[in-house]
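I set out to record, entry by entry, what I looked up in one protein model. The sequence and the structure come before my notes.

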Amino acid sequence: MTTPTLILNVDDNDGARYAKTRILQSAGFDVVEASNGTDALNVVKRGGVALVLLDVKLPDINGIEVCRRIKADPDSAMVLVLQTSAALTGRADKIRGLEGGADNYLAAPIEADELVANVNALLRMRQTQSALRDSEERFRQLTDNIEDVFWMFSVPARALEYVSPAYATIWGRPIDTLEREPGSWLSAVHPDDRAYVASLWDALQTAPHYEAEFRVMMPDGSPRWVRDRLFPVRDRRDEVYRVARVTSDITRRKEMEALLRAADANKNEFLATLAHELRNPLSPIRNAAALLGASGNGASEHQARARDVITRQVDHLAHLVDDLLDVARISEGKIVLRQEEVELKGVIAQAVETAGPLIAAREHKLDVVQPDRQIWLRGDPVRLAQSMGNLLHNAAKFTPKGGRIRVEVTLQDAVVRIAVQDNGIGIAEDNLSRIFGMFAQAAVPPDRAPEGLGIGLSLVSRLLEMHGGRLSATSPGIGLGSTFTVELPVLRTAERGAQAAEAPSGAPAPASGGRRILLVDDNVDAMEMMAFLLAEMGYEAHTTADAGNLVQMALELRPDVIVLDIGLPGVDGYELARMLKRHPQLASTRLVAHTGYGSPEDRRKAQDAGFDAHLVKPAELEDLEKALQG
């Protein structure tokens, strides 16, 4: 139900006031009355009045003055005023009334239908104005609160009619400057893009629509990418009389696109390098395998060389796989450091031993300079040695034959710095910032293919960060060598010989004593090779690729150790281990998991299933023997 509109009828003539009230009420309006200007102003001040039907001649205040006061008050400025008069009916009187703020002026006598028609016309006009005002307010609230810049320009003058507050944020300049200098927005466009944007703007009259991306220079000189869209605004004759413009900040999107392009390029380079690195060992392995069956003069020597080649190339493949798995574990937060007190000299010695064969093969001169003090760290000795070994390996790999490599340890307060310096191919300045990124490859001379997967330095950097340290790189330039510096927090230091001699790090493993080993693996080649090795080491090795009757076979054979592949076809290796351990006659049999799964979660599952040791393929001979001995 619509609420009737309230009209204030002001007239000091009782008869005339009564007649107008009756006409308006019969037309469906609510009417209140006043007989003088003072009362009329008080009624309007209370609010709710939509229209004042106001006689000009009033006893206290002139009607024109009453109208002026109503329109001058912001709280009542939108109240409609219909001025009437029976005496002042001339053209000049009407003009004076309208100039005083009246929305219309009627001369008495007024016919009933004329009065109602004028009131309705004025109310419709107010409704239209109110809707327009509401629309403008919604528009302003919207444009004032969006992050994009909203502009409005006239056509063809291209004069700025409106710009939203976001201009100050995206352009980095105050709006009042733009109002004083309307062309200043174009002056802020990047010099390389300005001509292009100006050409779009010059064509506005004939092409009032575009979508463009360009850069805006901030006052501090930094660029900001924006997306600019222009739309025509047409009148009822379908002619363009304005253009609306929306400008969005797309700097973050552009940065992400650049990162994605770089990542895609790195990915393609990585896949090509991975294929290269994986294929390289396969060729010598295949040739060495053929040589193992050689006979005739020199066969034993050829076979020994072939075994060396296979061992070396398999080690290389295992290193690649380990690096990939380590990176994946670090990225997923699954790698766990086995923290203990570590003496730095032992870490460096192990790293030198790891990289030694490559250093010797390339005939490099290696100098290791350390303080005459024991330096103790808190960390994982394997991961620390792996990190230092990787840096030495890189130095040897990227230094021409006969080069120099220097490892220098310096102690400063609670930090130790280990610098690995070489006189190799060096690093270009623009590569220094990305050298520790995943899959980043150092530039190499044209006559050399990229070596490694581009993950070694990233892996080392992350491992050192997990130890509370950091890795940095410097280089004078291409061909001038490079220096990688490791910084680690020191736990404590001591004079050499101040502590009791430590126990040897590797006591000799006990003899096999003819222990009986049962190998279970569906990879027959791998299983047979391991059996041959164990036999050479003095073990009694038995093999089976059928895990279906493993419990029965174990009961008959009574092995001391069962080496079990977890990933057997059709069989759950963990459940098989539980079955073996549940059997009273096999409960004391040592179980060793031999698997390609080596994550901490895989090790935990193996331990829960009853395995006594966990080996990741391909297992080192030393690790295998330790697992067998327990």
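Which order do the strands take in the open sheet that contains E1, and is their pairing parallel or antiparallel? I found five strands in the order E2-E1-E3-E4-E5, and their pairing is parallel. The edges are strand E2 (30-34) and strand E5 (104-107), each of which pairs on one side only. On average, neighbouring strands of this sheet are turned by 20 degrees against each other, direction ignored.

**Basis of the notes.** I am working with a predicted model, in which local features need pLDDT of at least 70 and side-chain atom pairs count only at pLDDT 80 or more, while totals for chains, interfaces and linings use all residues. Residues are numbered from 1 along each chain as its sequence is written, and side-chain values use heavy atoms, with hydrogens and water left out.

**Terms.** Helices (H or I, at least four residues) and strands (E, at least two) are DSSP runs, numbered from the N terminus. Two strands pair if DSSP finds at least two bridges between them. Strands of a sheet pair through backbone hydrogen bonds, either parallel or antiparallel. For angles, axes are lines fitted to C-alpha atoms, for helices over the stretch in contact, and the values run from 0 to 180 degrees between N-to-C directions.

**Whole protein.** I noted 20 helices and 23 strands. Of the 630 residues, 40% are buried (under 20% relative accessible area; exposed is over 50% and partly exposed lies in between, with a 1.4 Å probe and protein chains only). Among contacts (heavy atoms within 4.5 Å) with a separation of 6 or more, 61% join residues 24 or more positions apart.

**Inside the sheet with E1.** I looked up strand E3 (residues 51-55) and strand E4 (residues 80-85): five bridges join them, and they run parallel. Asp55 has Thr84 in E4 as its bridge partner. H1 packs on the sheet and touches strand E1 (6-10), E2, E3 and E4, its direction making about 165 degrees with that of E2. Helix H3 (residues 63-72) also packs on the sheet, where it touches E3 and E4, and its direction makes about 175 degrees with that of E4.

**Lys20.** Is this residue buried or exposed? Lys20 counts as buried because its relative accessibility is 10%. I located Lys20 in helix H1 (residues 14-26). Its side chain makes a polar contact with the side chain of Asp11 at 2.9 Å (a pair of N or O atoms within 3.5 Å; within protein, one must be able to donate a hydrogen and the other to accept it, and residues adjacent in sequence count only if both atoms are side-chain atoms). Leaving aside neighbours within four places in sequence, Lys20 is in contact with Asn9, Asp11, Leu53, Thr84 and Leu115.

**The sheet with E19.** I recorded another open sheet of five strands, in the order E20-E19-E21-E22-E23 with parallel pairing. Its edge strands are strand E20 (540-544) and strand E23 (613-616). Five bridges join E19 to E20. The chain crosses from E19 through H16 to E20 in a right-handed β-α-β crossover (with the strands pointing away from the viewer, the path from the first strand over the helix to the second runs clockwise). Four bridges join strand E19 (residues 516-520) to strand E21 (residues 561-564), and Val520 stands opposite Leu564 in E21.

**Glu429.** I found Glu429 in helix H14 (residues 429-432), and this residue is exposed, with a relative accessible area of 71%.
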